[in-house]
Amino acid sequence: QLQLVESGGGLVQPGGSLRLSCAASEFTLDSYVIGWFRQAPGKEREWVSCISINGGTTNYADSVKGRFTTSRDNAKNTVYLEMASLKPEDTAVYYCGADFSSVHFVCYDSSESYDYWGQGTQVTVSS
């Protein structure tokens, strides 16, 4: 069973930056599409970003486009979500999801496409 662990969340002021990590133990992530999602209190989980297995395809929700960047380092078995120009509305628990795939150049924006999830990391943007 693939175990994912998110880290890097915290409290940051508006306009600040954070880098989230999604790591796995016992399995290598180089055969998994990775998606980032977030869930704010009282709201449904929403898609944020995704990255293909080869790292060549990344997609972003309109709400974060131009501010967030997803990357992966397969040698470190880790996927990153770099968040800049953070806004209070970015406050949420952030999750990474993984899907085992043989297609290396696509990623998905639906949570139903991902079979494995981490426990989430809290991001709070507040002054």
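What we have is a predicted model, in which local features need pLDDT of at least 70, side-chain atom pairs count only at pLDDT 80 or more, and totals for chains, interfaces and linings use all residues. Residues are numbered from 1 along each chain as its sequence is written, and side-chain values use heavy atoms, with hydrogens and water left out.

Let me begin with the sheet, which is open and has four strands in the order β1-β3-β8-β7, with antiparallel pairing. Strands here are DSSP runs of E with at least two residues, numbered from the N terminus, and two of them pair if DSSP finds at least two bridges between them. Because β1 (3-7) and β7 (68-73) stand at the edges with a single partner strand each, one side of each has no neighbour in the sheet. Between β1 and β3 (residues 18-25) there are five bridges, and S7 has S21 in β3 as its bridge partner.

Turning to the aromatic rings, the whole structure holds six aromatic pairs, where rings of Phe, Tyr and Trp (its six-membered ring) pair if their centres lie within 6.5 Å, with planes under 30 degrees apart counted as stacked, over 60 as edge-to-face and the rest as tilted. Y32 and F100 are edge-to-face, at 5.4 Å centre to centre and 70° between the planes. Since Y32 lies in β4 (residues 32-39) and F100 in β9 (residues 92-100), this pair ties together parts 68 residues apart in sequence. Y32 is buried at 7% relative accessibility, whereas F100 is exposed at 52%; buried means under 20% relative accessible area, exposed over 50%, and partly exposed in between (1.4 Å probe, protein chains only).
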